[in-house]
Amino acid sequence: IMWDLLDDRPAEVTPIARFQAATDAEPLFWTSLLALTESIAGSEESTGRSRVAIEEVLSAGLDTLLPTVTRLPSLVFLAEAAARTGHAEAGREVGAMLEAEAGSHLVMNVFGGGGMCWGVSDQALALAAAAAGDLDAAADWQRSAERRLTDTGGVTFLERSRRLARTLGFG
């Protein structure tokens, strides 16, 4: 299902995220993913639902994200959702938490073994800075993300990263 998100096709992921957010032991991870999928959908209605999901995670407190393999992906999902919806507060809060992860590759655990790379944290820092309105910092983080992705052969993520930066006005 994550490949659908890479291609900006959230239709199959959104109902799963919504169900899991209501039933899973780590609802904030799923609520963060729901915020992202709704923001990718892009309609006025889905943008509103994305902002509600972002607010739900922020009101619980980012420090309540469990220190498991889901914490960093949750922050990354929130950074992108914040940038896509213009949620400045989320951009600032998520960016502050992500700073400690600068330069990291993001690996999403695939239960049952293995994992999937979701790019580099510097891209999420660019998105958080853009959401917060700091386009200069966003451009700096974007350049760093592009260098890291180029150096490691992350072609799929490099393309997606550049597309997001252009769409959001900092690349």
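Let's start at one residue: setting aside neighbours within four places in sequence, threonine 70 is in contact with Glu26 and Phe29, where contact means heavy atoms within 4.5 Å. The side chains of threonine 70 and glutamate 26 are also joined by a polar contact of 2.4 Å. A polar contact is a pair of N or O atoms within 3.5 Å; within protein, one must be able to donate a hydrogen and the other to accept it, and residues adjacent in sequence count only if both atoms are side-chain atoms.

Before we go on, a word about the model. It is predicted, so local features need pLDDT of at least 70 and side-chain atom pairs count only at pLDDT 80 or more, while totals for chains, interfaces and linings use all residues. Residues are numbered from 1 along each chain as its sequence is written, and side-chain values use heavy atoms, with hydrogens and water left out.

Back to threonine 70, which lies in the loop between helix 4 (44-60) and helix 5 (71-85). Helices (H or I, at least four residues) and strands (E, at least two) are DSSP runs, numbered from the N terminus. Threonine 70 counts as buried because its relative accessibility is 10%; buried means under 20% relative accessible area, exposed over 50%, and partly exposed in between (1.4 Å probe, protein chains only). Leucine 28 is 42 residues away from threonine 70 in sequence, yet their C-alpha atoms are 9.1 Å apart in space.

Now visit another threonine. Threonine 14 sits in helix 2 (residues 13-23), and at 10% relative accessibility it counts as buried. Beyond its neighbours within four places in sequence, threonine 14 is in contact with Leu34, Thr37 and Glu38. With threonine 37, its side chain makes a polar contact of 2.9 Å.

Towards the other end of the numbering, serine 161 belongs to helix 9 (residues 155-168). Serine 161 is buried, with a relative accessible area of 2%. Its contacts, again leaving aside neighbours within four places in sequence, are Gln123, Gln142 and Leu149.

Finally, step back to the whole protein. It has 9 helices and 2 strands, and from the N terminus on the elements run α-α-α-α-α-α-β-β-α-α-α. The radius of gyration (taken over C-alpha atoms) is 14 Å, close to the 16 Å that the globule rule gives for 171 residues, so the protein is as compact as a globular protein of that length. That rule is 2.2 Å times the number of residues to the power 0.38. Buried residues make up 50% of the 171 residues.
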